[in-house]
Amino acid sequence: MQLFSLGNVTDWAISGVDHSIEGNGGPDCVKYLSPNRRLYETIFATILALIYLYWGVRRIHIPAVPEISKQDRGGRRSLLMLMCLVLGMEIGFKFSSKTVIYFLNPCHVVTMIQIFLLSVPPSRLVTTLFRIQIHCLNGPLLAIFFPVLNTREVMH
């Protein structure tokens, strides 16, 4: 009996994705750009990202961990429990609808970073991750203003 195969992974990770909807992947999406064009764009984007990363790392300054004088009054724990509950429901939905691949969307990754930030004590790593996730918060706002509606099913 084989426990792990590519067929098993695609079954629970992507078999629920409807490729007949335009913009939702599938063979037409794969054939949209030639392999050479994808290679050139990947090389260009990687070089540009590495340049920006190098530029940013040379200029970053992370302050020392400040002393915390306030006690947690429960708001932080309540928010942590609520976020974990919502993320858990989202994970359950992704597995039940066999669309686990969508869990790699930036909004889910930012939510996991926020859960981590709420659950650990302050440190330089926490300060760094907090600053990174602040820059990612424009994504959910854009998703609210410009939602993808052609993949939604109409209930009658």
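## Report on an all-helical predicted model

Lys98 lies in the loop between α4 and α5; helices here are DSSP runs of H or I with at least four residues, strands are runs of E with at least two, and both are numbered from the N terminus. This is a predicted model, in which local features need pLDDT of at least 70 and side-chain atom pairs count only at pLDDT 80 or more, while totals for chains, interfaces and linings use all residues. Residues are numbered from 1 along each chain as its sequence is written, and side-chain values use heavy atoms, with hydrogens and water left out.

The phi angle of Lys98 is near 55 degrees, a positive value in a residue other than glycine. Lys98 counts as partly exposed because its relative accessibility is 34%; the class lies between buried (under 20% relative accessible area) and exposed (over 50%), with a 1.4 Å probe and protein chains only. Ile14, in helix α1, is 84 residues away from Lys98 along the chain, yet their C-alpha atoms are separated by 5.9 Å. Ile14 is also partly exposed, at 35%.

The secondary structure consists of seven helices and zero strands. Confidence is given as pLDDT, the predictor's score for each residue from 0 to 100. The protein averages 84, and 88% of its residues score at least 70. Where pLDDT is low, the predicted coordinates should not be read in detail.

Of the 156 residues, 15% are buried. Contacts are heavy atoms within 4.5 Å; among those with a separation of 6 or more, 66% join residues 24 or more positions apart.

The largest nonpolar core has six residues: Leu80, Met83, Leu87, Phe103, Ile115 and Leu118. Such a core is a set of buried Ala, Val, Leu, Ile, Met, Phe, Trp, Tyr and Cys residues joined through side-chain atoms within 4.5 Å. Helices α4 (75–96) and α5 (106–119) each supply at least two residues of this core, and α4 gives the most, with three. Beyond its neighbours within four places in sequence, Leu118 contacts Arg76, Leu79, Leu80 and Met83.

Gln133, in helix α6 (residues 124–136), counts as buried because its relative accessibility is 4%. Leaving out residues up to four places away in sequence, Gln133 touches Val110, Ile113, Gln114 and Leu117.

The whole structure has two salt bridges, each defined as a side-chain nitrogen of Lys or Arg within 4 Å of a carboxyl oxygen of Asp or Glu.

| Salt bridge | N to O distance |
|---|---|
| Glu41 and Arg37 | 2.5 Å |
| Lys94 and Glu90 | 3.0 Å |

Glu41 and Arg37 are four residues apart in helix α3, so about one helical turn separates them. Glu41 is partly exposed at 34%, as is Arg37 at 46%. Lys94 and Glu90 are likewise four residues apart, about one turn, in helix α4. Lys94 is buried at 10%, whereas Glu90 is partly exposed at 26%.
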